[in-house]
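Let's take a walk through this protein together, starting with its aromatic rings and ending at a pocket. Keep the 3D view open and turn it as you read.

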Amino acid sequence: MTATPTVESFIREWVAAFNSHDLDRHMQLYAEDATLFGSVDELQVGRAAIRGYFGKRGPGVHVKDYPIPRVKEIGPDALVTAGNVEFADGDEPVPYRMTWVLVRRDRNWRIAQHHGSPRRGTSG
């Protein structure tokens, strides 16, 4: 597991894991009891459910760009992030907004709560 002691290193690892479609690597970045609201109506609770959610994405889905989001510290071991991420399905842009609650575990950041939703009214 790659160390993720900073938000920047965490985002780099999350993008690399997402783009590799390596679900084992990707799930290591989520707390065991994490929650995810993604592009489906159901709340995904726990790594197994989140793994199932990400396991259904198409082979061409990837992150094109994820600039460092706004980060707000809510405690010494907890952060909230909010920003835009540019996904794509092949060449088709899929713009999203994304928020995370990150918690520090053993000096590394992990996602405790993840919300992603499509951006509306954007051209890409």
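Helices here are DSSP runs of at least four residues, numbered from the N terminus. Keep in mind that you're looking at a predicted model.

Start with helix H1, which covers residues 7-20 and holds both Trp14 and Phe18. These two sit four residues apart, and that's about one turn of the helix. Trp14 is buried, and Phe18 is buried too.

How do you describe a couple of rings? For a pair of aromatic rings, you give the distance of the centres and the angle of the planes. Rings count as a pair if their centres lie within 6.5 Å, and planes under 30 degrees apart count as stacked. By that rule, there are nine aromatic pairs. With centres 5.1 Å apart and planes at 25°, Trp14 and Phe18 make a stacked pair.

Now hop over to Tyr53 and Phe54, an edge-to-face pair with 5.1 Å centre to centre and 80° between the planes. Buried means under 20% relative accessible area, so Tyr53 at 17% is buried, and Phe54 at 6% counts as buried as well.

Last stop: the largest pocket, with about 400 Å³ of space. It is lined by 22 residues, and the closest to its centre are Ser39, Tyr53, Phe54, Arg57 and Tyr96. By class, that lining has 12 nonpolar, six polar and four charged residues.

Definitions and conventions: Residues are numbered from 1 along each chain as its sequence is written. This is a predicted model: local features need pLDDT of at least 70, side-chain atom pairs count only at pLDDT 80 or more; totals for chains, interfaces and linings use all residues. Side-chain values use heavy atoms; hydrogens and water are left out. Rings of Phe, Tyr and Trp (its six-membered ring) pair if their centres lie within 6.5 Å; planes under 30 degrees apart count as stacked, over 60 as edge-to-face and the rest as tilted. Buried means under 20% relative accessible area, exposed over 50%, partly exposed in between (1.4 Å probe, protein chains only). On a 1 Å grid over the protein atoms alone, a cavity is a set of points where a 1.4 Å probe fits but cannot get out, and a pocket is an open set with protein on both sides within 12 Å along at least five of seven lines; lining residues have an atom within 4 Å of a point. Grid points are joined across faces, edges and corners, and a volume is the space filled by probe spheres set on the points. Ala, Val, Leu, Ile, Met, Phe, Trp, Tyr, Cys and Pro count as nonpolar, Asp, Glu, Lys and Arg as charged, and the others, Gly among them, as polar.
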